[in-house]
Every structure is written in structure tokens, then in C-alpha cells.
Amino acid sequence: MSEDTHAHQDDDGPNPGLGLDLGAPSAPARPAPTSEAPAAYRVLARKYRPQNFTDLIGQEAMVRTLRNAFSSGRIAQAYILTGVRGVGKTTTARILARALNYEPMDGSAGGPSLDLSVMGRQCRDIIESRHVDVMEMDAASNTSINDIREIIESARYRPVMARYKVYIIDEVHMLSTAAFNGLLKTLEEPPEHVKFIFATTEIRKVPVTVLSRCQRFDLRRVEAGELAAHLAGICAKEGVTIEPEALAIVARAAEGSVRDSLSLLDQAIAHGGGAVGAEEVRRLLGLADKGRVIDLFEALMKGEMARALSEFRDQYDAGADPAVILTDLAEFTHLVTRLKIMPDAAQDAALVEAERVRGLEMAQGLSMRVLARAWQMLTKGIGEVQQAPKPAQAAEMALVRLGYATDLPTPDEALRRLKDQPVTDAPAPPSAPSGGGGGGGGSARLSLAPRPAEARPQMRSAPVAAVAAPAAGPRLASLADVAQYVAAKRDLALKHAVETSLRPVHVEEGRIEVALAPGAPASVIQDLSRKLSDWTGRRWLVSISSQAGGPTLAEENAAVKAEREEGIKAHPLVAAVLARFPGAEVVDVRTREEAPIDTEVLAPSEEDLYAGPGADDELEY
């Protein structure tokens, strides 16, 4: 064909008389303006979709089972994958179909394999969902028996190109009852060249007759720390600068879903313009600053309501949703509870530094009863805020209930106090509030209650004085006073812990700050706080300080004892005794006030007075 003919065809189009499109061969002569049109953007969830089992994260149990099954030839006829949204059910189904039909690119002999690092002959078409022998069906839009009948009819024929015909049915729980019944026979005894792979988020809606014919794999949620590390690798490939705290926020917000985390990361990158900070992510998701949430939690646990409501209002004005604030408080309560039970949980990579450090401090200072009560009140408050016409006011009332509940004893503590309290005609006066002072603390609640003198003017003053006297309690101005008071209460185990485990930092009425000595039991803080509150009738806050603190009482006593022993060894009489009896040593030194002489003991004989001290005798000065 001449050049004129080509030019004529280019002008007038293909010649219809030939029956074929003769203009098609000349199409490459017209280069498409690809350099001018930008390539379509692919979202991160599609761009970084796993291509093989090595790329899957968080599903090691399933991969190990499949690897052992493929290596031993125990390949099942049907698989069902279940899990929450975004954990990779459909992606895993495609990878499994690729593994079943894997053939080396050079055409050499091979079989099903999970080693998919090298692209095979069938892999590209399967990954792009255009392979003739790997058919995907969405059960949500193909629910009838007629759709299943087509699968049954086509299953009789051997595959065209691949080793197996693979049917991937997504959201299989959406099939009708008739469709499930029609699939049962083929699913139980399929042809040797057919494999079924089902995926569903509602495993309970799949009939047991179908489940019993499939190998089931539960794809679990990906842990926040592992998900954060995965997102960090993607950001490095994309050349995006992102703060570690921002990654932790995105990973937690995704709730274990890889697809959700990538979608949030995509949105955060667009919002930050290439550099993503934690503050931008919080504003994007409507979250509160984690450090400020911890400040709010601390104010509530101390009963400082003025500070707590001011902090809540500041977060609300900054754009945080009231329900989200309560949810963050509930999550931090759960974290403190976990850290109380498992301190090693603080090493989780998804935790920010404030959660790790301050969470451990509060876990040691708060009792399990207080944390459980806070959790119950917060979860109830979240429901109230979500249904209230004015969520901010409902959230504030929920915080008020929680803050004032810190002054209330738990049910078992209330019963214990009722048993220990003497029966009198007059009720005990209310205890001093532990709130934050001013009108915002617990004093507002107590001022509404009538005083005993105002409610019963005819009451005698003597019973009131008898009840009010114990409220004064002892004055504990130092850790030594605390140890002496605990010893007076005959709690020897707690006394030993106070003397050997606590390094004093600051001690004042109602508040003790200490540092824990190495090897100290974790329960000594809450035990001391609870028992001092029970014994004195006042609220005592025992907390762990970040400072080193002074020496423990046991260390002080040991230092004093060592100093006494060195001083007594220098005494001429003691030095003479030690020289006279080789191997003897001073085991203890007591003053006369520490070891008073019993006058009823018989006086020593004159021979004993001149015999000198024996090897087991103790010297008193």
C-alpha cells in the first residue's frame, strides 16, 4: 500500500468495504499526548496493596499454615477468610489464587507455591483481576441461585490457561438460602481443577454446612505498633515527613484496619501538604491532645473540678468533640488499668511518651476499684453525650459525676467503715473536700448539706464532739511518722514496705510523694493510700515522683547503726575486749532508752562482775 493510500485512509477513516479496520495499524503513527496529561493518582490503599504473602502484615499464623500445607501437598478445596473491614481478605484471596496457579516465567515445571517473590506467567493477570480462569464475584450484587448456577455449570470445564479454576466470592454471607443450598454439592465434591475462596465480614451469617466444607482463616486486626511501623515505611517511600506521634494517632484511629490507616494517612498527607504533624492529624480527626487528655484525667482523679472543667472547655473550644474527649478518657483509663496489671505493656510502640510515663505513675497511684468505677461512669457518659441535644453540657455533667466520685468510698470500703464506725445519735460531719479549692472543688457539694447543729439544734454537743474528735487524726509530717503510725495499727507488712521501699520526696497532710526503691512491690502505693484513708478518715494521695528522693528509713537506720558501731569500737574497753577475744565482733549497739533495764532481773553475782563480757554478751551504753 502506497503512502498516498495511507494518507487517504488517515483523512477519511478506514475502508468499510474490507471488513477490517485498516486504520488500526496506522494508530501508532499518532502518538497520544501522554506527556501533557498527568497520570491518574492512585490512592495509597491501592498503590501499596500486598502482592505476595511476604507483604502481608499481622497474619503470620495464616501464612505459616498455608506454607506448611503447600509444602506437604495438603491443599484444601475451599477456603473462607473472615475478619473486620480492611484487614486484607480480598487481597489475600487474590494472592492465594496466584499461589495456586503459580508457574515460573521460563515455563519450567512447577507447582503451587507460596514463594511469589518472582513474578510468574499467570501472576500479572491475576493481580489485575483479568485472568480468564480466576473469577471474582461480589455476592452482595449476585445473590440469587441463578448466579450460583452459572458457577456450577462453568466449573465442569477445565481451565483455559492456569492450573486451577479459582472462584473468589466476596461477601459470601450475602448469598440467599437457595444459593447456599445450590452450592453445597459442588463445594463438597468439586472437580479436581476447581478451588473456592470465600471472603466475609459476617462469619456468623454463613451456614454451618458451608463452613464445615471450608478451611477457615480468621484474619486478625493489625496491632497499632506494627501498623505504625508499616505506615512509616510507606511515608519513607513517598518522601513524606511525618511525626512519630502522628503515625501513632493514625494507627490507633484505624482500629487494626490497614486500608483505613492508609486512607487516613492519604488524607493527612493532603491536609499537611507533604509534612504531617501530630497537631494537624488531631485537628483532622477531631481528637484532643493526648497530653491534655492526661491532664484532664489527673484533675478528675484528684477531684479538682474547677481545673477539670476549665481543661475540658479549652479542648472543646479548640475543636475537640465532647464524645471524643470522653472516649479518649475511657481509653486512657483502660490503658492505666492494663499498665497496672501488665507494666510491660508500656513498651508498646503505639504509645506516646506521655502515655508511657504518666500512665505508669497513675497505675501505681490508683486502685483497681477506682479505675473500674471511672471506666463504668465514662462509658455511660459517652452514650449520654451521643444522645444529648447539647453534647458539651452532657459531657460536663458526666465529668462532674466522675470528679466528685473520687471522694466517695467504694462499696466495700463503705461497708468496712460502717462496721468500724461507733453508733451515735448524731451523724458524722462531712469530710474536708479534696477538690481544687475555690468554688470548683468538693466544697460546693458539701455546702449544700445541712450541718448537724443546724439540722438538730436540740442535739447535745457531747456526742458531736465524740464523733468529730477522730476526724482530727494524727499529724503525719514525715515518712518516719507514717511508719510509726502504721506500726501502731499493727500492720507489720506495710510497715516493712514503708521502711524499705519508699524514698521520701515530699510529705504533707493528705499528700505523700515518694520514689520507689529497686525491687519495691508495685502494690505498696495503693495499699498505703487506701489504709491511711481508712484509718484517719481523711483522703490521702500517695503518688510516685520523678525525683530520686532521699534514703529509705531502713537505709537511714543502717547508717546510724554503722556509725554507732564504728564509734563504740573506738572505745578503749571495747577495743580491749575485741583484742582479748579474736574473732569477736559487735553485733548491735543500743542506748539505754532503746533497751531499758528490767529491775526485776536478779543482780549478777560478784564473780560475774569481774569475769568480763562473754562472747555472746551485748554491751549497752
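**Close-up 1. Exposed V160 in a predicted model.** V160 is exposed, its relative accessible area being 64%; the structure shown here and in the other views is a predicted model. The loop that holds V160 runs between helix 6 (145–154) and strand 3 (165–170).

**Close-up 2. S129, a residue with positive phi.** Most residues other than glycine have a negative phi. S129 is not a glycine, yet its phi is positive, at about 60 degrees. The residue sits in the loop that links helix 5 (123–127) with strand 2 (134–138). S129 counts as partly exposed because its relative accessibility is 40%, and partly exposed covers values between the 20% limit for buried and the 50% limit for exposed.

Close-up 3. E171 is found between strand 3 and helix 7 (177–188), in the loop. Its phi is near 50 degrees, a positive value, and E171 is a residue other than glycine.

**Close-up 4. The crossing of helix 23 and helix 25.** Two packed helices are described by the angle between their axes and the distance between the axes. For helix 23 (residues 479–488) and helix 25 (residues 524–536), the axes come within 12 Å. The crossing angle of these axes is roughly 65 degrees, and helix 23 and helix 25 are therefore roughly perpendicular to each other; the range for that term is 65 to 115 degrees. The crossing in which helix 23 passes helix 25 is left-handed.

Terms used:
Residues are numbered from 1 along each chain as its sequence is written. This is a predicted model: local features need pLDDT of at least 70, side-chain atom pairs count only at pLDDT 80 or more; totals for chains, interfaces and linings use all residues. Side-chain values use heavy atoms; hydrogens and water are left out. Helices (H or I, at least four residues) and strands (E, at least two) are DSSP runs, numbered from the N terminus. Buried means under 20% relative accessible area, exposed over 50%, partly exposed in between (1.4 Å probe, protein chains only). Axes are lines fitted to C-alpha atoms, for helices over the stretch in contact, and angles run from 0 to 180 degrees between N-to-C directions. Angles under 35 degrees count as roughly parallel, over 145 as roughly antiparallel, 65 to 115 as roughly perpendicular and the rest as oblique. A crossing is left-handed if the near helix is turned anticlockwise from the far one by less than a right angle, and right-handed if clockwise.
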